[in-house]
Amino acid sequence: MYIPFENLPEESKIWIYQSNRKFSDAEFSEIENDVKSFLESWESHSVSLESSYQMKYNRFIIIAVNQEVQAASGCSIDNSVQFIQKLEQKYNVDLLDKMNVTFKNGEHIAHKTLIDFKKMAKEKAVTENTIVFNNLVNTIQEYNESWEVPAMDSWHSRFF
């Protein structure tokens with residue numbers, strides 16, 4: 001059961017999928033419809049999941065579920081991953097590779113492999129103050145407080 005993102009409690013579980021490229025405006029609109037449609041029928045053990053999503057910077061898909069109402073089971077999580085895999089195929093993007101880093105480069109959102117990001121840190125092309133996207137956050141509260149942070153305040157700090 002889809003509900004507005006802002007109506008979910010801060011303890012809600014989230015999953016963040018980052019694209020290796022920016023979505024076009026047309027793709028963004030289609031993906032929003034696909035995600036909302038998926039969430040409207042997403043369930044765990046035949047019980048609707050109270051869930052929502054946000055899309056940010058034409059690059060990130062954030063899916064959230066209120067586990068207080070009904071916890072996402074292994075099967076329901078598998079269904080969501082299969083849905084994301086279908087999006088990957090449909091739009092020829094990578095959404096599941098965790099070995100990439102996305103960060104702000106001025107107003108631009110940059111996406112690099114972990115190896116390239118390490119090189120950039122070593123060459124001082126990115127610094128501890130570079131705003132990175134910490135996709136390891138687990139709840140809406142963590143997302144609100146610690147998703148867009150200086151590299152020094154996230155797991156990326158190990159590269160400096």
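Are F133 and W147 buried or exposed? In this predicted model, both F133 and W147 are buried. The ring centres of F133 and W147 lie 4.8 Å apart with the planes at 55°, so the pair is tilted. This pair links distant parts of the chain, since F133 belongs to strand 8 (residues 131-133) while W147 sits in the loop between helix 4 (140-146) and strand 9 (148-150), 14 residues apart.

A search of the whole structure finds 16 aromatic pairs, two of which are set out below.

| Pair | Centre to centre | Angle between planes | Class |
|---|---|---|---|
| Y2 and Y53 | 5.9 Å | 40° | tilted |
| F133 and W147 | 4.8 Å | 55° | tilted |

Y2 counts as partly exposed because its relative accessibility is 26%, whereas Y53, at 11% relative accessibility, counts as buried. Ring pairs also link F5, Y57, F60, F133, Y143 and W147 into a cluster.

Turning to the nonpolar cores, the largest has 22 residues, and those with the most contacts inside it are I31, V35, W42, I61, I63, L87 and L95. Strand 1, helix 1, strand 4, strand 5 and helix 2 each supply at least two residues of this core, with the largest share, five residues, coming from helix 1. Leaving aside neighbours within four places in sequence, I61 is in contact with residues including W15, I31, V35, L87 and L95. A second, separate core of 14 residues includes I3, F5, I16 and Y143.

Key: Residues numbered from 1 in each chain as written. Predicted model: local features only at pLDDT ≥ 70, side-chain atom pairs only at ≥ 80, totals over all residues. Heavy atoms only, no water. Core = buried A, V, L, I, M, F, W, Y, C linked by side-chain atoms within 4.5 Å. Buried < 20%, exposed > 50% of the residue type's maximum accessible area, 1.4 Å probe, protein only. Helix = DSSP H or I, 4+ residues; strand = E, 2+ residues; numbered from the N terminus. Contact = heavy atoms within 4.5 Å. Phe/Tyr/Trp six-rings, centres within 6.5 Å; stacked < 30°, edge-to-face > 60°.
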